[in-house]
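Me: I would like a close look at a single part of this model, with the cut-offs behind each term spelled out as you go.

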Amino acid sequence: MIKLGLYGAGNRTKSLIDTFKYDDFYKVHAVYDLNENAATALAAAYGGTVCKSADELASFDGVDAYLISLAPVAHADALRKMIPAGKPIFIEKPVSFSGAEMKELALLAEKYNVPVQVGFMRRYLPETLAALDYIKTNETGQVFSVDCTWHHHGETEMNYHVFNNTNDFRLKVSQIPFHCCHQLDVMLLMGGKVKSVTSHMNKIIDRPYPSPDDLTANVVFESGAIGRFHYSSMVYYSEISYRFHAENYSIKMNTQDKQMLEIFHRPRFVTSRLGKEPEKQADCGKFNVTYEGFCKPDTMEFSQGLAYANENIMYDFVRTVRDGVKPWADLWAAARVQGFAEAIELSAKLGRTIEFDEDGLPIID
Ligand SMILES: NC(=O)c1ccc[n+]([C@@H]2O[C@H](COP(=O)([O-])OP(=O)(O)OC[C@H]3O[C@@H](n4cnc5c(N)ncnc54)[C@H](O)[C@@H]3O)[C@@H](O)[C@H]2O)c1
């Protein structure tokens with residue numbers, strides 16, 4: 001059984017280890033948290049020894065793998081401390097808010113040959129897995145665009161934390177690198193490497209919430225595809241949705257307030273585009289009936305949600321530790337995601353386009 005060293009004893013740590021509470025894949029062996037009470041309470045419930053410092057955790061005898069989940073600003077330093085211990089690591093997102101720092105960490109992990117899995121669990125939702133699998137196994141032709149929407153009423157989150165604890169990290173970080181990184185991760189899986197980003201934003205409402213009120217980013221991918229990311233924290237509904245357009249098909253994902261995938265195909269043949277008797281069709285509407293018949297969507301609706309995604313990502317981590325399988329969401333993937341998030345906000349603030357280098361990281365001077 002894998003013996004876990006926990007760096008952080010907060011809510012997310014508990015929900016991650018609860019995922020396989022009764023499956024005997026792992027057990028808690030050691031735990032460290034800045035808040036000793038939190039570490040002691042976790043050890044009382046799950047077992048393991050409480051460490052007095054991060055150094056003690058890093059050298060604690062018998063740990064097979066580490067799980068790091070902290071206030072996001074603490075992640076990079078924690079990772080720097082744990083990588084030299086040479087054990088596989090699961091770390092929550094965001095690992096860092098800077099593409100350059102992410103690259104430094106990815107290189108450090110390579111130097112110590114340490115596999116690091118990052119908690120981008122939205123790529124593990126069933127509809128995302130199905131969409132990515134479809135794109136991989138069905139010839140796209142030219143990809144034209146990837147369009148992503150992340151809308152939420154940020155005031156509810158702000159009200160909650162202002163009411164309960166004005167010190168909560170969720171009031172100190174922007175949603176785009178902190179939370180939308182999940183969507184940006186999927187956007188990169190669909191669109192590939194980014195070439196440049198140009199953003200505009202509104203930040204007009206005076207409130208203790210660092211996220212933009214509204215932001216749109218226009219993206220150019222290396223493949224020639226274009227993209228758009230639209231974030232808003234000043235809307236009064238929630239939507240996390242995607243549109244993928246390519247020469248051979250279009251995919252809508254989660255656009256109907258459901259976990260739904262809709263795949264619309266371009267009619268494949270001249271006959272399916274024109275119909276059997278095009279010469280008899282006098283009006284335009286009827287001329288296109290055949291075309292529209294052929295591109296009616298294949299639709300799939302999924303029921304499994306975030307618990308299923310947690311199960312998938314944690315099982316991948318078990319396989320990394322137990323079977324040596326390479327992590328899917330590794331530090332290089334996270335570097336590209338966090339660099340992308342950084343560039344999206346910076347472009348709006350600086351009022352200029354940001355280009356990306358060959359590693360897929362923003363060029364920021
Ligand atoms: N992937 C996901 O879907 C998902 C979901 C929820 C949370 N998260 C991530 O998990 C992380 C933790 O979130 P949470 O809800 O558990 O927060 P939390 O406040 O419940 O727990 C954070 C813990 O980290 C400890 N801590 C903070 N800084 C530390 C430091 N420098 N050294 C040692 N301990 C430190 C705190 O004392 C606390 O116990 C966040 O980064 C968040 O982004 C990810």
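Predicted model: local features only at pLDDT ≥ 70, side-chain atom pairs only at ≥ 80, totals over all residues.

Into which domains is the protein divided?

Reply: Residues are numbered from 1 along each chain as its sequence is written.

The protein is divided into domain 1 (2-120 + 312-328) and domain 2 (123-305 + 335-355), with bounds that come from an automatic or database domain assignment. Taken over C-alpha atoms, the centres of domain 1 and domain 2 are separated by 30 Å. Where they touch, 16 residues of domain 1 are in contact with 13 residues of domain 2, contact being counted when C-beta atoms, placed from the backbone, lie within 7 Å. On the side of domain 1 that touches domain 2, the elements giving two or more residues are helix H5 (99-111) and helix H13 (306-323), and H5 gives the most, with 4 residues. Helices here are DSSP runs (H or I, at least four residues), numbered from the N terminus. By class, this side of domain 1 has 10 nonpolar, 4 polar and 2 charged residues, where Ala, Val, Leu, Ile, Met, Phe, Trp, Tyr, Cys and Pro count as nonpolar, Asp, Glu, Lys and Arg as charged, and the others, Gly among them, as polar.

Helix H5 also packs against H14 (residues 331-350): the axes of H5 and H14 come within 8 Å and cross at roughly 175°, the axes being lines fitted to C-alpha atoms over the stretch in contact, with angles running from 0 to 180 degrees between N-to-C directions. H5 and H14 are therefore roughly antiparallel to each other, a term for angles over 145 degrees, while 65 to 115 counts as roughly perpendicular. In this contact, Gly99, Met102, Lys103, Leu105, Ala106 and Ala109 of H5 meet Leu331, Trp332, Ala334, Ala335, Gln338, Gly339 and Glu342 of H14, and these residues divide into 8 nonpolar, 3 polar and 2 charged.

H14 has a further contact, with helix H9 (residues 181-191), where the axes come within 9 Å and cross at roughly 115°, so that H9 and H14 are roughly perpendicular to each other. From H9, Cys181, Leu184, Asp185 and Leu188 meet Ala333, Arg336, Val337, Gln338, Phe340 and Ala341 in H14, a contact with 7 nonpolar, 1 polar and 2 charged residues.

Conventions
Parallel < 35°, antiparallel > 145°, perpendicular 65-115°, else oblique. Contact = placed C-beta atoms within 7 Å.
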